[in-house]
Structure formats: structure tokens, C-alpha cells
Amino acid sequence: MCGRFALNARTDELIREFVAEGGDFKEWTPRYSIAPTQTVPIVRERADPATGAFRRQVEAAVWNFHPSFMKDSKRPNFNTRIETVATNGLWKGAFASSRALFPMRGYFEWTGTAGNKQPHFLHSKDGGLLAAAGIYTARKIEDDWEVSASIITRPARDASGEIHDRMPVFLEADVWDEYLSPDKLDEVGKQDMVQLLTVESDRVAGMITSYDVDRKVNNTRTADPTDPTLIEPV
């Protein structure tokens, strides 16, 4: 599962890291506690209508996958299981041709009992940015288009598995081109992509480590998302 994450990079760093254009996105400022339904940067590729060439951009998306055919729901769809992303009717269309990356510095998980939860921050051992595989969709709300997205999760391994039974599907840069390509996948292609995600995220799982952080991050209503101490070890 991934229900909260941190991204303390700025837009220019994201553009450099993901070799992307700026896209139509306001200046992103560091956030150390990002929750579902909030607006986040995603990296995606689309064909330029004029030239047909693919353009990779950093763009804004709501972290709550909401296709136009789905009625409003009180429960946000912010995670998508790798086991069903290629077959479930809610996800499979986007997985075929609308794949994205979620940049993050790390994510939070909790252990313990209700009222006594200990937060943990999971991150790359080298401190670098992580790229979580995701899918996105778009719907028109009045006169504007809203892009919304979800993070793909998988069974946790290594250090992540010691904290929680699920983790994001993380990918390294050598497979970003293949994953982000907007060319539509057929049924065989979707299954091949699931296999790629499984194998590649197995590699990254061994690079994840964790430490305990202050419990002030537990409450999204009181925690200041711009407070860098939210991800400092205690």
C-alpha cells in the first residue's frame, strides 16, 4: 500500500531527473506529506498533435484515479494492484496506453495498534528520487480537463516487507522509456508489461530501507506538509 508519500524536489529538478519538458504545471514546491486526493506531479508521455513525436512532460494530476465513466465515490482510488491492473475494467484501459511515473523521495507506512501507530519512512538507500509506476486518466469537469492518477502496488519485499505487505512498483531509469510509451498495448503486451514491472521492481525493492519518524506525521489535519522534519529520523 502507499497512502502517503513525500516529494521534496522542485519542478526543475524533476525535469532534469526525468529528462522531461516543463509541461503545463504550476511551480511545484517541496511537500513532505502528500495524501490521496491532493494534486501531485506525474511524468507522462503523449504524442504531439502537430508532429506525432512523443513528448515527455511533468504535469499535475489528482492522486485519485477517476475516469469519466465512474460515478463519484467517497472512497478514493489512489492505489492499483499489479495483480489486476491489466484485467480489471477500471484500470486496464489506462494501463494499455496511459502510463505514468510518480516521482517521490519516499513513502510512509505504519506499524502498531490504533491510537499507538508508529510511522516509518521508506526510501532509497542512496537518498535519490524514486519513480513509482502509475496509470492516469482524464475527465472534463465543466470547461476544464482534470487528470487523475493511481500508483501501482505489489507484494512487498526486503525492508519494505518488514513494515507492510504492499509497496509501490518502483522502476529504474533504464525502463522508463518502455513504460511511458503511449503506444497502446494489446492483451499480450499488457501481460508482458506486468512481467516487466514485476522483474524490475524486484530489483529496486532491495534498494529500499526505512527508519522511524516523528508521530506528528500521523495526523494529516495538523501536520504541516512543508515541514522537512516530517521525514527526519527519530
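**View 1. Glu59 is found in strand 4, residues 54–62.** Strands here are DSSP runs of E with at least two residues, helices are runs of H or I with at least four, and both are numbered from the N terminus. This is a predicted model, where local features need pLDDT of at least 70, side-chain atom pairs count only at pLDDT 80 or more, and totals for chains, interfaces and linings use all residues. Residues are numbered from 1 along each chain as its sequence is written, and side-chain values use heavy atoms, with hydrogens and water left out.

**View 2. Glu59 meets Arg44.** Their side chains are joined by a polar contact of 3.0 Å (a pair of N or O atoms within 3.5 Å; within protein, one must be able to donate a hydrogen and the other to accept it, and residues adjacent in sequence count only if both atoms are side-chain atoms). Is Glu59 buried or exposed? Glu59 is buried, at a relative accessible area of 8% (buried means under 20%, exposed over 50%, partly exposed in between, with a 1.4 Å probe and protein chains only).

View 3. The C-alpha atoms fill a box of roughly 50 × 35 × 35 Å along the principal axes. Buried residues make up 52% of the 234.
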